[in-house]
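Here is a short briefing to read alongside the model. Have a look at the coordinates first, then work through the points below.

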Amino acid sequence: MSAIGAEAEQAGESKPISATEWNVQLDGIIERCLGRLNDLPDYDGLCEEPPDDQVPLLDRAHVDPAGLDADQRQWRDSGYLIKRGLLPEQLIDAYVALRSQDAQGRRLVTPLDSKWSSPVPYLHHAEIRDLCLYPPLMAVMKSLIGAEMFLHLNLTGWYSTQRDWHQDIYLNPAEVQGWYCAIWIALDDVHPYSGPFEFIPGSHRWPLLSGEKVRSYLTEEELALTDPATGNPLWANLTQAVVSAMTEGKIEQQGSKRRYFMGRKGDVLIWHSRLTHRGTIPLINNRIRPALIGHYSGVGHRSDMTQLRAHTGGGKYAVFDYPDC
Amino acid sequence: MTGRFRFADLLRPRVSATRAAPEAAPPSIDALHHISRLWCDQANIFVKGWAHAYERPVTALAIEVGGVHVPITQFLPTPYLLDYFPEYPHLARAGFAVHVPSAPQGPMRLVIETAAGRVVREFPNDESMAARSSVVDHAPKNVFDGFAMFVAAIAQRGTPVVELRGPWDHPERARFLAMIPDYVDFSEYRLGTPVETETPDVATLATHLSSERGGIFSLGLLDRVPEPWRLVADGQSALRHHGAFFHLVQAAGTHAEGWEIGRDGLGRLISPATMFDTVALGDCFDGTAHWVLARKR
């Protein structure tokens, strides 16, 4: 058995491993992996450009600007769009009421309280679908990507993810090729010290960091490593530190501006699958960062997500065999 | 308070101890504030922070406590807000610092006035203060889980960690140390001398720890030094922002040296008052010891 395999085995044996113990073990694995990844080429050396005719229209090299509306021009130029007050307060309040108590009626109001471990809680809760598939929101996404979009992932924590710089597309199958976007819904006014969403406007035009190329530097054992709690692959955790360091270097090299999304209740940020972004570290510990995040792909652009269902209020979502947990 | 639902409402008790402000804010005015310092005694309150109403310039700002209304006449520089709100240059002066000649009775209110209306925000019952003043609800209950969180914090940050040791070592020390990965830059300072005498080691601790540490911990030391509050203060100054602070003390009656520090006392010694956010606090080893995990503000 490989060293990592033995470690993971050990983690699963003797007694149930706590999340914190696992995190400590994972840190050790990451550290050893990073030692090898020091030899990676620079950012541009890990990139590749998809064929122009395979990406959404607004991402292509030549587009007639006269045919674009203001939202589309903003998207093409900057890789993000903020729609102020797009989402109705009653939909937000209904979701917050659901999210803020558990099945026994106990309040879940601290930043570390999590309601769901599932990445797809929308499957079981119409309140989430009502928000994330709100027809005017879906219409905006369709106008930006050029395809009907469907929901397939939620992040429902009220605490910054603190995931460092990355592009979403790098975490997804190569076939997605930009037919993808994500949203950050402000459930309340975002406080600057709560670890707001930070992004680099225009970074969606940087070369596309290739997940395949990055993964080629990992061993088979590392690629096979999964989170014992969720079963999710952990390769991106292993490479995150290197990717974020390279990205930081790229930001400095380009002299790029950074921007925070300081949304107010009802505002929504839509960001491009190639936009470099991160969840910042809260300056005040335990400060709530009131957000609901959703990720979407274009209908017909995911061979791994073919089972879609229509929400009664409009919009589509991917169906998985996942319990309400 | 009537009007728009806010997250702060979730954090209030179900039966609110505070009453609705007589002049409830119109729901249409958005405003944001932060209280960075709140000091009070029986007759005085000092409040420092910033407040703004986004695109709307603030025309007047005041603190109200009970029947006392203190207008804020001078706005202090807050250039750092422009990092977050570059589109509103007027936020470069959104700070305030005010003395209120009043006992801290009842809710304190920050009144933000704009040309379009006013917003009233109560504090310290708001989210930030509530979150800051309480131990995390889902804190680990087990001391080793707590120490694992400490280790995870320092490992993540990759900054040096230091153990402060005294003349006595906790019997489980090796078990704690085994949890620290090899790659962590780990060092230890033995304070060494008995607590009955003056200990120059402690007095010069700040010198020893002059660089920024990612984490500082001790196992059975804090209750055996002559001035535990000084060790806490020196440790605070030696930690980098959000650095981790873990201490285990022997429960009262388990030894005759130094101080008897109970769990609650430990929680007060390392708390927002000494510029730490408490992450977890607990008893361990059949009640013979108490421990605290905190994070530097």
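In chain A, 41% of the 325 residues are buried, a residue being buried if 20 or more other C-beta atoms, placed from the backbone, lie within 10 Å of its own. This is a predicted model, in which local features need pLDDT of at least 70, side-chain atom pairs count only at pLDDT 80 or more, and totals for chains, interfaces and linings use all residues. Residues are numbered from 1 along each chain as its sequence is written, while chains are lettered from A and ligands numbered from 1 in the order in which they are written.

**Chain A overall**
- Chain A has 9 helices and 10 strands; these are DSSP runs numbered from the N terminus, with helices being H or I of at least four residues and strands E of at least two.
- Of the chain A contacts between residues at least 6 apart in sequence, 82% join residues at least 24 apart, where contact puts the backbone-placed C-beta atoms within 7 Å.

**The sheet in chain A**
- Seen in order, β1-β6-β3-β8-β2-β10-β9 of chain A make an open sheet of 7 strands with mixed pairing; two strands pair if DSSP finds at least two bridges between them.
- β1 (80-83) and β9 (308-310) of chain A are the edge strands, each with a single partner, so one side of each has no neighbour in the sheet.
- From one strand to the next, the twist averages 30°.
- Within chain A, β3 (residues 180-186) and β6 (residues 268-272) run antiparallel and are joined by 5 bridges; A:Cys181 has A:His272 in β6(A) as its bridge partner.

**A helix pair in chain A**
- The axes (lines fitted to C-alpha atoms over the stretch in contact) of α3 (residues 70-78) and α6 (residues 135-145) of chain A come within 9 Å and cross at roughly 55°.
- A:Asp71, A:Gln72 and A:Trp75 of α3(A) make the contact with A:Val140, A:Ser143 and A:Leu144 of α6(A).

**Strand β6 of chain B**
- β6 (residues 108-114) of chain B is mostly covered, with 5 of its 7 residues buried.
- β3 (residues 58-65) of chain B runs antiparallel to β6(B), and 7 bridges join them; B:Ala62 stands opposite B:Val111 in β6(B).
- β7 (residues 117-123) of chain B also pairs with β6(B) in the antiparallel sense, over 7 bridges, with B:Glu122 in β7(B) as the bridge partner of B:Arg109.
- β6(B) and β7(B) form a hairpin with 2 residues between them.

Notes. Axes fitted to C-alpha atoms, helices over the stretch in contact; angles between N-to-C directions. Contact = placed C-beta atoms within 7 Å. Buried ≥ 20, exposed ≤ 12 C-beta atoms within 10 Å, placed from the backbone.
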